[in-house]
Amino acid sequence: MIKLGYLGPRGTHSEEAALYLENLAAEGEKAELVPYPEIADVFEAVRLGAVDRALVPVENSLEGPINITLDILARTDSIVVSREFIWPVRNNLLAKCEPKNIKTIHSHGQPLSQCRQYLRTRFSWAKLIEETSTARAAELVSQSSEEDGMAAIGTRRAAEIYGLNVIAEDIQDNSENCTRFYEIYSRDRGMSDRNAEPPKKGQALLVCQIDGSKAGSLLGVLQDFARFGVNLTRIESRPARTYLGAYIFFFDLELDNNLEAVHKAVEAVRKRSIWLRYPGEFPVIRAER
């Protein structure tokens, strides 16, 4: 059995997403799930071969990009993206006590933000307390008494693990809230891509640094994509951490029976770049919930 790393602890959205993927896997592809406390630890586990592949969050539709994931991808030659997974985020209110007795609501900062309107309308009297993760919040509530009036925003999985009641489901303000994950592996560890053939439809990821001191540098890159008819579904930038004004760009390229055109565009952009990395071409899977 292979090992799949993910951002822990148990009971988080990342674990729910990993469990969903494993439920889709064929019997011979099942994996042991291994949690890690930080995203950097997940990447390091892949690099060292402690896990065969891993699931890392890359973007939330409401909160934006996960910068640490982008930064590590930009600086790691060996990481390959084998597929993208889109996970609908469902936040739930977990507690031991009755809703009217809730005094404090605990969770990670993002769920507290994503459920702000709901909390303001239904629990305006409750104090909101930020924790390191949704799972940690659920654990703290499980250690409290009903009289403490503690509640947590978290997953149904966390409610199962910590013996809490789900007193309200889907409390996020935006029903379209979702998180994009990359499943990754290291080409240096001898892992083969799960895609024997490049997918005809899906995405490709290109990461590069261009010379920002030259006027029109980014425009030239965009024109290369347009010249070969390659559609961009996302553009992101991050500081290159070399000098002020230097940036790294992340481009998501749409695959739609156009692999040859994508390859030509990538080579054209390579000629304009200080450096370029191409972590892979991969299918996009959206969870049904």
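## Close-up views of a predicted model

View 1. Leu218 is found in helix α8, which spans residues 217–227. This model is predicted. Leu218 counts as partly exposed because its relative accessibility is 32%.

**View 2. Negative charges gather on the surface.** Four residues form this patch of negative charge: Glu98, Glu146, Glu147 and Asp148. Glu146 lies in a loop. That loop runs between α6 (134–142) and β9 (150–154). The relative accessibility of Glu146 is 49%, so Glu146 counts as partly exposed.

**View 3. Strand β3 is mostly covered.** Strand β3 spans residues 53–60. Eight of its eight residues are buried. Strand β1 (residues 2–7) runs parallel to β3, and three bridges join them. Here Tyr6 has Leu55 of β3 as its bridge partner. Strand β11 (residues 178–186) runs antiparallel to β3, with six bridges between them. Look for Ala54, which stands opposite Ile184 in β11.

**View 4. A hairpin links β3 and β4.** Three residues connect the two strands. Strand β4 covers residues 64–65. Two bridges join β3 to β4, and the strands run antiparallel. Glu59 has Pro65 in β4 as its bridge partner.

View 5. The structure holds 19 salt bridges. In one of them, the side chains of Glu22 and Arg53 meet at 3.6 Å, N to O. Glu22 has a relative accessible area of 6%, so Glu22 is buried. Arg53 counts as buried because its relative accessibility is 8%.

**View 6. Glu84 and Arg180 meet in a salt bridge.** Their side chains come to 2.9 Å, N to O. The pair links distant parts of the chain, 96 residues apart. Glu84 belongs to strand β5 (residues 79–88), and Arg180 belongs to strand β11. Both Glu84 and Arg180 are buried.

**View 7. Salt bridges link up into a network.** Which residues are linked in this network of salt bridges? They are Glu59, Glu84, Arg180, Arg234, Glu236 and Asp252. Arg234 and Glu236 meet through their side chains in a salt bridge of 3.9 Å, N to O. Both Arg234 and Glu236 are buried.

Key:
Residues numbered from 1 in each chain as written. Predicted model: local features only at pLDDT ≥ 70, side-chain atom pairs only at ≥ 80, totals over all residues. Heavy atoms only, no water. Helix = DSSP H or I, 4+ residues; strand = E, 2+ residues; numbered from the N terminus. Buried < 20%, exposed > 50% of the residue type's maximum accessible area, 1.4 Å probe, protein only. Patch = residues over 30% accessible without salt bridge, like charges linked within 9 Å, V, L, I, M, F, W, Y side chains within 5 Å. Areas by Shrake-Rupley, 256 points an atom, 1.4 Å probe, with all protein chains shown as cover. Lys, Arg positive; Asp, Glu negative; His and termini not counted. Charge placed at Lys NZ, Arg CZ, Asp CG, Glu CD. Pairing = 2+ DSSP bridges.
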